[in-house]
Amino acid sequence: MHKLSTAALVALGGISAVSAQATNKLEETVITSSRVAMPLREVATSISVVTKEDIELRGFSSVANTLRYEPAVSVTSAGGVGSSTEVRIRGERGFRTKVYLDGIDLTDASSPQAGPNFGNMLTGGIDRIEVLRGPEGLMYGADAGGVINMYTAAPQTGLSGGVEAEGGRYGTWQYGGHITGGNETVDGTFLAEEFDTDGFNALSTDTVLQDNDGYNNTTLHGRGGWNIIDTLRLEVVARNVEGKNDYDNCSLPAPTYERSDNCKNEYSLDAGRIALEHTGKAFSNTVSYNGNKTDRKFYTEGVNDYSYKGELEKFDYLGSWKQSDALSLVYGAELQKESVDSDSTDEQRDQTGYFLEARGSFIDSLYVSAGTRYTDNDDFGSKTTYRIGAAYVRKFGDGDIKLKSTYGTGFRAPSLSEIAFNQSPDAFPPAQGTELGAEESKGWDAGIGYYASSGWYVDAVYFDQKIDDEIFFDLVNFSGYLQDDGESSSSGVEITSEIPIGELVTFTGNYTYTDTQDFEGEQRVRTPKNMGNLGILISPWDGRLQFNINYRIARDIADESRGSVDNYEILDLSVTYQLISSLQVYARVENATDEDYEVIPQYNTPGAAGYAGFRYSF
């Protein structure tokens with residue numbers, strides 16, 4: 001297919017919500033920046049929003065694939081859905097990204113570097129996703145190098161629900177349903193999803209077994225609430241995920257370390273949250289507990305050779321006070337308890353955090369914020385981090401010009417698994433016995449955008465972030481975890497825009513240039529220097545029919561051997577049709593041109609694949 005140039009991507013801009021509504025984007029409300037609702041015009045951080053309509057139109061089964069369309073987000077997977085998957089924001093490793101769903105911290109404490117498990121995260125029931133880019137997660141922890149905040153639909157009064165099903169290539173089937181109901185006092189929602197695929201051969205070097213690596217996922221999710229009085233609500237959320245995945249390239253334990261492509265893993269997640277929320281005229285307060293337990297089992301040639309269990313608990317208080325537009329405060333405290341139990345270790349530790357952010361508007365068009373967080377880790381002591389930001393909005397023509405900038409610092413203690421691995425029999429020199437220290441980070445960005453009242457906008461952001469003493473796995477000798485003695489960096493430019501042409505056509509797109517360097521001055525692996533999306537949404541018949549075209553590129557990607565991964569271009573097509581008010585049918589083609597490409601050397605990716613299904617609501 002014809003390859004568009006990087007210059008063309010810059011000219012066409014960025015991706016955003018695909019709504020063709022003629023409203024100023026700055027009026028959209030977001031929560032993620034400071035954990036309180038505020039319009040985008042007042043927000044200094046860089047945030048993108050994925051709506052329910054976006055999720056349904058893109059059609060992907062996994063959260064990671066859905067996020068591929070967002071600015072500065074890159075995704076790597078060691079195979080198909082269910083495989084080991086990492087979501088990078090602005091070039092940073094995926095374990096530095098915090099992921100929340102309905103207020104539950106989904107950090108998998110049992111994973112090697114205590115990050116989110118995107119391989120087992122499906123889109124069923126998710127109503128909205130907010131992505132905060134960069135190390136600006138003051139409210140979420142000193143180690144937040146980016147935040148992905150997901151929400152399911154809030155329970156509604158009355159009784160309603162829906163079912164959906166789809167099927168397609170690779171023997172893929174997906175079924176789901178939800179029901180919601182309530183009155184002014186109590187309400188609740190329950191959803192269930194089943195996903196199954198035969199998959200494809202994950203590893204190109206698997207020339208002996210050459211089996212399909214399939215995946216199965218069952219997800220149950222519920223949330224309910226009790227409005228005790230007008231200003232006081234009790235809310236409960238519960239989630240269970242069971243995943244089973246076939247994969248390639250595993251090995252038996254010591255002393256043989258015999259390699260095999262007959263590999264399986266089983267994943268289990270139990271998570272929940274209970275919160276008491278008070279909402280007053282000036283003061284609001286939330287006291288909550290959330291936690292998750294993960295259990296991962298790995299099998300080689302049918303033998304259970306590795307098992308890992310993790311648990312994360314958080315006791316959290318969040319408060320806010322607003323005197324006027326000139327001054328408001330957000331403050332809180334948390335106690336985090338984490339533990340890891342594996343074949344070779346049983347470790348646990350606590351971490352406490354306290355934070356305060358002040359916000360204000362000294363004149364009608366200038367919004368400033370400044371906050372600090374104090375973190376005390378059992379193993380690595382205390383650290384104070386901070387964030388400052390400013391946004392300036394001024395009327396210009398038929399719209400607004402917005403200038404914004406933030407600066408923030410961070411602190412990440414080594415995970416329990418990183419520490420334990422270096423002390424285990426699986427480690428050997430140079431990592432064996434290495435004592436890891438804490439990482440420290442800092443980052444800033446600055447941007448300018450124009451937002452027209454007619455609905456179109458264009459926005460450009462420059463970012464620069466650095467990590468001192470970065471911890472990484474030894475990909476040369478596979479000895480364990482090492483720590484550099486220098487600075488790793490990631491800097492670049494994000495350009496986003498959206499141009500609706502009436503209510504019939506909307507042009508979208510994004511371009512991100514990311515220049516990464518490790519402590520030796522080499523490009524960091526698996527992050528494209530140039531990546532972007534171009535999209536066209538056509539919505540005739542008052543929006544009953546929607547046809548979406550998206551063209552995605554990734555170029556200049558380094559791999560582990562200091563070589564490069566080939567550039568690639570992906571074309572995705574989707575169409576939805578509202579047959580009647582309660583029934584929608586849809587179809588999509590992923591990788592329509594059947595591009596043969598890799599995101600991780602030697603790991604296969606899906607070829608052209610068609611899917612079709614329906615959504616029925618009542």
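Two strands count as paired if DSSP finds at least two bridges between them. Helices (H or I, at least four residues) and strands (E, at least two) are DSSP runs, numbered from the N terminus. The model here is predicted, so to speak, with rules attached: local features need pLDDT of at least 70, side-chain atom pairs count only at pLDDT 80 or more, and totals for chains, interfaces and linings use all residues. Residues are numbered from 1 along each chain as its sequence is written, and side-chain values use heavy atoms, leaving out hydrogens and water.

Take β10 (residues 158–168) and β11 (residues 172–182), which pair in the antiparallel sense over 11 bridges. G158 has G182 of β11 as its bridge partner. The two strands make a hairpin with three residues between them, and Y170 in the turn shows a positive phi of about 65°. β10 also runs antiparallel to β37 (residues 609–617), joined to that strand by seven bridges; here G168 sits opposite Y611.

On to the nonpolar cores, meaning sets of buried Ala, Val, Leu, Ile, Met, Phe, Trp, Tyr and Cys residues joined through side-chain atoms within 4.5 Å. Buried means under 20% relative accessible area, exposed over 50%, partly exposed in between (1.4 Å probe, protein chains only). The largest core has 25 residues, and L67, F118, I129, I148 and M150 touch the most other members. Elements giving two or more residues to this core include α3 (63–67) and β8 (126–133). Apart from it lies another core of 16 residues, among them V49 and V330.
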